[in-house]
2 protein chains.
Amino acid sequence: MNPRTDAVLATLEADQEAAQARLMGWLRIPSVSAQPAHAGDCRAAGEWVLAQLTALGFTGSLRDTAGHPVVVAHHPGPDGGKGPHLLFYGHYDVQPPDPLELWTSPPFEPTIVQGPNGPQVRARGAVDDKGQVMMWIEALRAWHAVTGTIPVRCTVLIEGEEEIGSPSLDPFLEANAAELKADVAVISDTGMWDVNTPALSTRLRGLVYTQIDLTCASRDLHSGMYGGLALNPLNLLTRVLGQLHDENGVIQIPEFYDDVVDPSPAQKAEWAGLGFNPAQFLGEIGLTQGIGEANRAPLERLWSRPTADLNGLWGGYTGDGSKTVIASQAHAKLSFRLVPGQDPAKVVAGLHAFLAARLPEDAKVEVQVFGASPAIEVPADSPWITEARGALAEEYGRPAVLIGCGGSIPVVESMRRLLGLDALLMGFGLTDDQVHSPNEKFDLTCFRHGARSHARLLGRLAG
Amino acid sequence: MNPRTDAVLATLEADQEAAQARLMGWLRIPSVSAQPAHAGDCRAAGEWVLAQLTALGFTGSLRDTAGHPVVVAHHPGPDGGKGPHLLFYGHYDVQPPDPLELWTSPPFEPTIVQGPNGPQVRARGAVDDKGQVMMWIEALRAWHAVTGTIPVRCTVLIEGEEEIGSPSLDPFLEANAAELKADVAVISDTGMWDVNTPALSTRLRGLVYTQIDLTCASRDLHSGMYGGLALNPLNLLTRVLGQLHDENGVIQIPEFYDDVVDPSPAQKAEWAGLGFNPAQFLGEIGLTQGIGEANRAPLERLWSRPTADLNGLWGGYTGDGSKTVIASQAHAKLSFRLVPGQDPAKVVAGLHAFLAARLPEDAKVEVQVFGASPAIEVPADSPWITEARGALAEEYGRPAVLIGCGGSIPVVESMRRLLGLDALLMGFGLTDDQVHSPNEKFDLTCFRHGARSHARLLGRLAG
């Protein structure tokens, strides 16, 4: 162990309440990237975190993009430090908080409440990703407090468009590839296995996110005058999208599974050994039965099988009571989680073919693509994984597990493609964190152990 | 023919310009029942028409309801008159004029413009229903001018909530059933076959309007963390509602067609002879192909076959861009147009069975019913139809056709149920009247012939 690490950990312990207060300050900024009215708040959230970094000796700025700005900051590390050069990545933007009426406290008034694992902070962005970013910033702050510098050379990249598919990130990485060069990307935007078992994520599903806009008649129609003869786009949309899966849960998009790479038998065996309890996993969200491919283990369905989920559906009259209208248009948001091997462009092409084969001539369809990124698989035997496993084992007193993640972190793929970097995905979320839902929260015990784990990792990497 | 009818028709001809001016005066009152700001205008429109009736010797008043007032007026007819007792029904309220920017003249500044059939008056309510009400009032006025009285005993009922679903009408009919007793209801709120071909509507479809609320997980979920294992209510809703029709357009609700009464071969033959042009009907709304049961003529699909149309659909994220959510709930508004024989309660029960057979245990469903009224079929051989056909044939020099109407006029069903009255549906609208749309209009030739037809009918009924 690095001889200074104990002092750093003691500093973190002493500074805990102030660290929580800092996190809550950031959470008060409603940096909802999807909503233009919050553009100013997004910039403010970026400025807020930049100030945290400059206080630790980082040199940086807000860098404008076509969308929300990117925070970039550099620290050379200790004079003559021989450690690696880390690129810390995070995002300051958050999901829209809707539906507001389901929050038990306002989403941008962070509130400490008691949970089964002790106190937790409830707010939009508590864990995704402000709380996870603040863990490594607090670790860097403690190192800075003890040593007057940070233990290794670091670049920080914190974007503001992760929740809307990072449209400006790839151009930014391309334009600034030289400046952003490093040895590895460190990202905390994933989860633990459970509150006592740390985890590193080595598989992430990709994402293709689309919007389907269907137009039939040239105007809204009276359902009495036209019903029975005029094509109804809502009926048609349900008819077509109702065929996305067959009765065995198999997705019907042409060529969808052709290139899927199955995990190794060893990987599947490790997952099987985790003791995943689908009844409990589903019971926590009020369900009793898993859906999907019956011949695949539940954890495989979450980590190594692709999906087709409708995320939104709308059209016609949606107010109170009744309106006897046949709408002119119907809309759906449909996204696909991809697994290693699948090509996002091929999935989009398959969707077009699926729709074309099922729509009559009178239906005009447009497909918008809001994001398309392939799945990621990180090598399980890299030195970064080895050091991170060591840091986590020291902190938790038990080995970290290598897990998959059903979600996507497209930046991981972008960093590999545009910067040539592998990613170390060390996250501290829990499955009940209500990510993207009302009452998102982050357990303060995870926040504390996460900051301590990052402090340990920095110490190990400094050598 | 009644010996006085010729003089009455001559009076109508001489009074035409004044009649148009009176109609325009009523149209200037913006009696929009849906908008509370126009409550005073609704009352003013009721008072205006009441004054027209009292000038003809009617005794009546505005009768308050929970909503807008109802105009009720009585006239005993000629001393010792032996004719029937008619209940004239109409409505003084109009649809909201929005979107205002699509009107070529202000909706409440009635304007005479030239159309393909000569001059027409353009204003909100021109045909629906102020213009159609003023036809029979002008007919009564001419009879009064010539004879000093009106030819038969009449009760007039003009409500102010037709455009918002007549919420106060049923309670009013129930509370005043004795006062409103008559031999037949006469309603002008329907259309002609075309500008030269008069029509009587003898079939109206009924309506069952429902809302389906589907709940799966207890909260919204992250589509990455849960997708592939957690039941998605939007996927499920499209899957289930996508099965409403089979590939031949046949509705799959159990027992849905069991009690359907097909029109008589004679009726079908009459419809076939109308020369309905589906390509033109659909072309006007930007469509080329009719949907529905391939083995049924297009006009049958509109008038004598039931439908299942989604009127609204919503759930999940419907804003700009993307949100990777699996919603907890999905919703649909689903309505059925019913035809004679179908029992609304049985259709609702069939919908429950249809859903129950297709929903897994983890899906909780609620079905709200916002309205359930059976179809109406008026006996084609009643004396009212016979006399009305005679009056129309005299006026137009060609026989009137008996047509269906795809829509519902709930008051017809209410009058049958609560007052025991059949309805005579003699209307003079045209398909291009833009009912409920911007630039609503009424052809003055229809207004003139409509008034003359009503005058003839009154003469025939007086014997």
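Tutor: V72(A) stands opposite L157(A) in β6(A). This is a predicted model, in which local features need pLDDT of at least 70, side-chain atom pairs count only at pLDDT 80 or more, and totals for chains, interfaces and linings use all residues. Residues are numbered from 1 along each chain as its sequence is written, while chains are lettered from A and ligands numbered from 1 in the order in which they are written.

Student: How do you know that β2(A) and β6 (residues 153-159) of chain A are joined, and by how many bridges?

Tutor: Two strands pair if DSSP finds at least two bridges between them. Five bridges join β2(A) to β6(A), and the two run antiparallel. The pairing therefore meets the definition. As for the names, strands are DSSP runs of E with at least two residues, helices are runs of H or I with at least four, and both are numbered from the N terminus.

Student: What makes β2 (residues 70-75) of chain A an enclosed strand?

Tutor: Burial does. A residue is buried if 20 or more other C-beta atoms lie within 10 Å of its own, exposed if 12 or fewer, and partly exposed in between, with C-beta atoms placed from the backbone. Five of the six residues of β2(A) are buried, so the strand is largely enclosed by the rest of the structure.

Student: Which strand forms a hairpin with β2(A)?

Tutor: β1(A) does, with six residues between the two strands. β1 (residues 59-63) of chain A pairs with β2(A) in the antiparallel sense over five bridges. Within this pairing, T59(A) has H74(A) as its bridge partner.

Student: Why is P69(B) called buried?

Tutor: P69(B) has 24 C-beta neighbours inside 10 Å, so it counts as buried. It lies in the loop between β1 (59-63) and β2 (70-75) of chain B. Leaving out residues up to four places away in sequence, P69(B) touches R43(B), G46(B), L62(B), R63(B), D64(B) and G160(B). Touching here is contact: the C-beta atoms, placed from the backbone, lie within 7 Å.

Student: And why is I29(B) called buried?

Tutor: Because 23 other C-beta atoms lie within 10 Å of I29(B). Its place is the loop between α2 (16-27) and α3 (39-54) of chain B. Beyond four places in sequence, I29(B) touches D41(B), A44(B), A45(B) and W48(B). From I29(B) to G125(B), 96 residues away in sequence, the C-alpha distance is 9.8 Å.

Student: What makes β14 (364-373) an edge strand in both chains?

Tutor: Look at the strand order. The open sheet has eight strands, β14(A)-β9(A)-β13(A)-β11(A)-β11(B)-β13(B)-β9(B)-β14(B), with antiparallel pairing. β14 of chain A and β14 of chain B each pair on one side only. Neighbouring strands are turned by 15° against each other on average, direction ignored. Axes are lines fitted to C-alpha atoms, for helices over the stretch in contact, and angles run from 0 to 180 degrees between N-to-C directions.

Student: Which helix packs on this sheet?

Tutor: α11 (residues 344-358) of chain B, which touches β9 (206-215), β13 (329-338) and β14 of chain B. Its direction makes about 160° with that of β14(B).

Student: Why are the buried residues of α11(B) said to be on the same side?

Tutor: V347(B), G350(B), L351(B) and F354(B) are buried. They cover an arc of only 105° around the axis, which puts them on the same side of α11(B). The arc is that of the directions from the helix axis to the C-beta atoms. The face turned away from the buried side carries the exposed residues A345(B) and A356(B).

Student: How do you know that the radius of gyration of chain A agrees with a compact globule?

Tutor: The rule is 2.2 Å times the number of residues to the power 0.38, with the radius taken over C-alpha atoms. For 463 residues it gives a value near 23 Å, and chain A has 23 Å, which agrees. Of these residues, 55% count as buried.

Technical notes:
Contact = placed C-beta atoms within 7 Å.
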